[in-house]
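This briefing concerns a ligand site and an annotated loop. The structure is shown first, and the points are then grouped by topic.

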Amino acid sequence: MSTTIMYGNTVADYIRSNLTEDIRSLKEQGVIPKLTVIIIGDNPASKTYVRIKKKAAEKIGITSDVIELPVNTSEQQLLNHIETLNEDSSTHGTLIQLPLPDHINEKRVLDAVSPEKDVDGFHPINVGRLSIGQEAFYPCTPYGIMKLLHYYQVPVAKKHVVVVGRSNIVGKPIGQMLLNEDATVTYCHSKTDNLNEYTKQADILIVAVGKAELIKKKDVKKGAVVVDVGNTFLETGKVVGDVAFDEMIGHVSFITPVPKGVGPMTITMLLSNTIQAAKRLS
Ligand SMILES: Nc1nc2c(c(=O)[nH]1)N[C@@H](CN(C=O)c1ccc(C(=O)N[C@@H](CCC(=O)O)C(=O)O)cc1)CN2
């Protein structure tokens, strides 16, 4: 069996070159798209992701502000920042980098972001719109996975998709997006007994749990399509996914690598959502 590696960075470059055109035409109308990211505390991975976002935005001509707040910022102080951004007509996209410190209620914070500027697609209005198949801001990682599957012409309709992980950021929305494209979707999670009885049935297996190399060759049907959302940093500094990648070569038909698979797509769809927001708000 030959295995095609679905490189997110290749697809990301392709999508980003199209976005550059959109930005040019927005600028001709006097609109400069702007993304503002709020990060709280010193989580090293979060700081890296925010740095990547800012650099990627600026590279294609989106202005990017990062508001760095100390770990002891109160929930009310954070809500005040969000309110200011909601009112600020120069900001089109507002993003709160997750995870937040324990003393801050994530739901209250995400609900406070204006749905029109919610380029992460985490506000309940956008979540609800996605669930009933309406136009919405889609969360960036699952949106990127859909673009990746489309780019590599992986058929989705009528396929049995098994999603491992039920987070609001990835697991739940990717299942809904695939359902909206006529896949049959099974969700598995930390309380699922005998996980591999499900994973072995998948035509398309999406793994988003954050456990290094949890899924082995024995857990995957021959010829399946595997999408690995994991990003675990080992002590060696190496980043690995939720799937034992090397074992899958020659066994599956398509697979995303880690790094350079889903990660770059997450960033790209954030840029795309920010441009959408700028178009809608101007
Ligand atoms: N507000 C949000 N917070 C978080 C999100 C999100 O979508 N919105 N997702 C994750 C982290 N994340 C983006 O914020 C993210 C994770 C990983 C990557 C990435 O490109 N990873 C690389 C590997 C890491 C590296 O080499 O440095 C890859 O897979 O190639 C981008 C973004 C949680 N928080």
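**Ligand shell and annotated loop**

In this predicted model, helix H10 provides the largest share of the shell around the ligand, namely four residues. The ligand lies between domain 1 (30-114) and domain 2 (139-262), because both domains give residues to the shell.

**Domains**
- The domain assignment of the protein gives domain 1 as 30-114 and domain 2 as 139-262.
- Taken over C-alpha atoms, the centres of domain 1 and domain 2 are 28 Å apart.

**Shell around the ligand**
- The ligand is surrounded by 21 residues, of which Tyr49, Leu98, Pro259, Gly263 and Thr266 are the closest.
- At least two shell residues come from each of helix H2 (44-59), strand E4 (93-96), helix H6 (140-151) and helix H10 (262-281).
- By residue class, the shell comprises 12 nonpolar, seven polar and two charged residues.

**Annotated binding site**
- In the unreviewed UniProt entry, the annotation "binding site" covers Gly165, Arg166 and Ser167.
- Gly165 is located in the loop between strand E5 (160-164) and helix H7 (171-180), and Arg166 is found in the loop between E5 and H7.
- Gly165 counts as buried because it has 23 C-beta neighbours inside 10 Å, whereas Arg166, with 17 other C-beta atoms within 10 Å, is partly exposed.
- Beyond its neighbours within four places in sequence, Gly165 is in contact with Val170, Gly171, His189, Val207, Ala208 and Val209.
- With neighbours within four places in sequence again left aside, Arg166 is in contact with Gly171, Lys172, Tyr187 and His189.

Methods: Residues numbered from 1 in each chain as written. Predicted model: local features only at pLDDT ≥ 70, side-chain atom pairs only at ≥ 80, totals over all residues. Domains from an automatic or database assignment. Near = placed C-beta within 6 Å. Nonpolar A, V, L, I, M, F, W, Y, C, P; charged D, E, K, R; others polar. UniProt positions renumbered as here; feature names shortened; annotations may be inferred. Buried ≥ 20, exposed ≤ 12 C-beta atoms within 10 Å, placed from the backbone. Contact = placed C-beta atoms within 7 Å.
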